[in-house]
Amino acid sequence: MINYMFDGENSLVPVRGYSVKAKILRRRPELSMAIVDGRRQVIVNGTTRLIEDIEEVIPIAMQLREHAGMPAQT
């Protein structure tokens with residue numbers, strides 16, 4: 001299970017830059033993701049774009065924290 005957020009156009013999913021997931025997505029950016037809600041699920045297919053520029057990462061990370069109900073961080 002991973003945290004994600006849909007911003008109306010894109011699904012934002014945090015992964016660490018050195019993780020196996022990130023390495024695989026760099027090699028092959030196509031993905032499928034199952035979003036499960038109880039007994040229902042939606043399968044999402046798409047192409048990833050890894051965001052590694054810290055100036056882009058910080059505001060997205062803050063949005064993801066807020067979406068997950070985590071306290072704001074400076």
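**Exercise 1. How many salt bridges does the count come to by the rule used here?**

Solution. The model is predicted: local features need pLDDT of at least 70, side-chain atom pairs count only at pLDDT 80 or more, and totals for chains, interfaces and linings use all residues. Residues are numbered from 1 along each chain as its sequence is written, and side-chain values use heavy atoms, with hydrogens and water left out.

Step 1. Side chains of opposite charge can pair when their charged atoms come close. The rule for a salt bridge is a side-chain nitrogen of Lys or Arg within 4 Å of a carboxyl oxygen of Asp or Glu.

Step 2. By this rule the count is four salt bridges. Among them is the pair of Glu52 and Arg26, whose closest N and O atoms are 2.5 Å apart.

Step 3. Glu52 lies in the loop between strand 4 (40–47) and helix 2 (54–67), and Arg26 lies in helix 1 (residues 20–27), so the pair ties together parts that are 26 residues apart in sequence.

Step 4. Another of the pairs is Asp37 with Arg40, with closest N and O atoms 2.8 Å apart. Arg49 and Glu56 also form a salt bridge, at 3.8 Å between the closest N and O atoms.

**Exercise 2. Describe the fold and the overall numbers of the chain.**

Solution. Step 1. Take helices (H or I, at least four residues) and strands (E, at least two) as DSSP runs, numbered from the N terminus. The chain then has two helices and four strands, in the sequence pattern β-β-α-β-β-α.

Step 1. The C-alpha trace spans about 35 × 30 × 20 Å along its principal axes. Of the 74 residues, 11% count as buried.

Step 2. The accessible surface, computed by the Shrake-Rupley method with a 1.4 Å probe where, for residues, only the protein chains shown count as cover, comes to about 6,400 Å². Carbon and sulfur atoms hold 55% of that surface.

Step 3. With contact defined as heavy atoms within 4.5 Å, residues 24 or more positions apart account for 30% of the contacts with a separation of 6 or more.

**Exercise 3. Which residues form the nonpolar patch on the surface, and what do they touch?**

Solution. Step 1. Patches are made of residues with over 30% relative accessible area and no salt bridge; like charges are joined within 9 Å, and nonpolar side chains (Val, Leu, Ile, Met, Phe, Trp, Tyr) within 5 Å.

Step 1. Ile2, Val13 and Val15 form such a nonpolar patch, with about 200 Å² of accessible area together.

Step 2. Val13 lies in the loop between strand 2 and helix 1, and Val15 is also placed in the loop between strand 2 (11–12) and helix 1. Val13 is partly exposed at 32% relative accessibility, and Val15 is partly exposed at 31%.

Step 3. Not counting residues up to four places away in sequence, Val13 touches Ile2, Asn3, Tyr4 and Met33. Val13 and Leu64 are 51 residues apart in sequence, with 8.4 Å between their C-alpha atoms.

Step 4. Lys21, in helix 1, is in contact with Ile2 and Val15, leaving aside its neighbours within four places in sequence. Lys21 is partly exposed at 46% relative accessibility.

**Exercise 4. Is Thr48 buried or exposed, and which residues is Thr48 in contact with?**

Solution. Step 1. Thr48 sits in the loop between strand 4 and helix 2.

Step 1. At 19% relative accessibility, Thr48 counts as buried.

Step 2. Leaving aside its neighbours within four places in sequence, Thr48 is in contact with Leu25, Pro29 and Leu31.

Note on methods:
Buried < 20%, exposed > 50% of the residue type's maximum accessible area, 1.4 Å probe, protein only.
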